[in-house]
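Dear colleague,

Please find below the sequence and the structure that I am handing over to you. My findings follow directly after them.

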Amino acid sequence: MKITLHELLGVLSTEFDIYRIPTYTGISIHNKSLHPNQHKLAIINSAIHRPVQLLLLPNAFNNEVNVIKKIAQINGLTLNIDRIVRRKRLRTLLSGSLDPPTVAPSPKRISYVRVPFLRPRSYKLSSELRIFNFKAAFH
């Protein structure tokens with residue numbers, strides 16, 4: 001992790017970024033190898049975990065997603081990285097919810113998730129939840 005400190009008009013701010021050594025090639029296990037799929041996808045899952053868990057600025061987050069796309073391409077993996085990142089972010093937000101689900105959701109039934117109302121962001125979150133068969137219950 002790379003941390004940069006900025007001072008502007010007497011106010012100190014921090015900026016986080018993911019650092020890779022200059023000799024990093026992004027090559028892991030190629031898609032045509034005989035390794036199990038879990039091993040091939042491990043580098044992608046690990047790389048997605050980092051920007052989701054860190055407090056990155058939007059520009060740094062988008063740069064990291066582009067690096068992950070490049071790593072997938074280098075290793076011959078055809079994945080929808082944007083969708084995987086969205087799902088991981090959504091799962092992270094839901095796992096941090098104060099009210100964990102008490103009953104396992106049935107596949108036919110829509111599950112409600114209790115989330116705080118944050119104006120326009122709440123509507124965007126609600127639409128993301130609908131993709132995965134959840135419905136937002138704002139409080």
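The secondary structure of the chain consists of four helices and four strands, where helices (H or I, at least four residues) and strands (E, at least two) are DSSP runs numbered from the N terminus. Read from the N terminus, the order of the elements is β-β-α-α-α-β-α-β. The model is predicted: local features need pLDDT of at least 70, side-chain atom pairs count only at pLDDT 80 or more, and totals for chains, interfaces and linings use all residues. Residues are numbered from 1 along each chain as its sequence is written, and side-chain values use heavy atoms, with hydrogens and water left out.

Of the 139 residues in the chain, 22% are buried; buried means under 20% relative accessible area, exposed over 50%, and partly exposed in between (1.4 Å probe, protein chains only). The accessible surface of the chain is about 10,600 Å², and carbon and sulfur atoms account for 58% of this surface. Accessible areas come from the Shrake-Rupley method with a 1.4 Å probe, and for residues only the protein chains shown count as cover. Among contacts (heavy atoms within 4.5 Å) between residues at least 6 apart in sequence, 52% join residues at least 24 apart.

Nonpolar cores

A nonpolar core is here a set of buried Ala, Val, Leu, Ile, Met, Phe, Trp, Tyr and Cys residues joined through side-chain atoms within 4.5 Å. The largest such core has 15 residues, and Ile44, Ile48, Ile68, Ile81 and Val85 touch the most other members. At least two of its residues come from each of helix 1 (37–53), helix 2 (58–74) and helix 3 (81–95). Helix 2 gives the most, with six residues. Ile81 is in contact with Ile44, Val65, Ile68, Lys69 and Ala72, when neighbours within four places in sequence are left aside. Apart from this core lies another, of five residues, which include Leu90, Val115, Leu129 and Ala136.

Salt bridges

How many salt bridges does a search of the whole structure find? There are three, a salt bridge being a side-chain nitrogen of Lys or Arg within 4 Å of a carboxyl oxygen of Asp or Glu.

- Glu64 and Arg20 meet through their side chains at 2.6 Å, N to O. Glu64 belongs to helix 2 and Arg20 to the loop between strand 2 and helix 1, 44 residues apart. Glu64 is buried, at 3% relative accessible area, whereas Arg20 is partly exposed at 22%. Leaving out residues up to four places away in sequence, Glu64 touches Ile18, Arg20, Ala47 and Pro51.
- Lys69 is bridged to Asp82, with the closest N and O atoms 3.1 Å apart. Lys69 lies in helix 2 and Asp82 in helix 3, so the pair ties together parts that are 13 residues apart in sequence. Lys69 is partly exposed, with a relative accessible area of 33%, and Asp82 is partly exposed at 37%.
- Glu128 and Arg86 form a salt bridge of 3.0 Å, N to O. This pair links helix 4, which holds Glu128, to helix 3, which holds Arg86, across 42 residues. Glu128 is buried at 17% relative accessible area, and Arg86 is partly exposed at 35%.

Aromatic pairs

Rings of Phe, Tyr and Trp (its six-membered ring) pair if their centres lie within 6.5 Å; planes under 30 degrees apart count as stacked, over 60 as edge-to-face and the rest as tilted. The count by this rule is two pairs. Phe117 and Tyr123 are edge-to-face, at 5.8 Å centre to centre and 75° between the planes. Phe117 and Phe138 are also edge-to-face, at 5.5 Å and 80°. Phe117 lies in the loop between strand 3 (111–115) and helix 4 (120–131) and Phe138 in strand 4 (residues 134–138), so this second pair ties together parts that are 21 residues apart in sequence.

Exposed loop residues

Ile27 lies in the loop between strand 2 and helix 1 and is exposed, with a relative accessible area of 60%. Its C-alpha atom is 6.1 Å from that of Asn75, which is 48 residues away along the chain. Thr78, in the loop between helix 2 and helix 3, is exposed at 78%.

With kind regards
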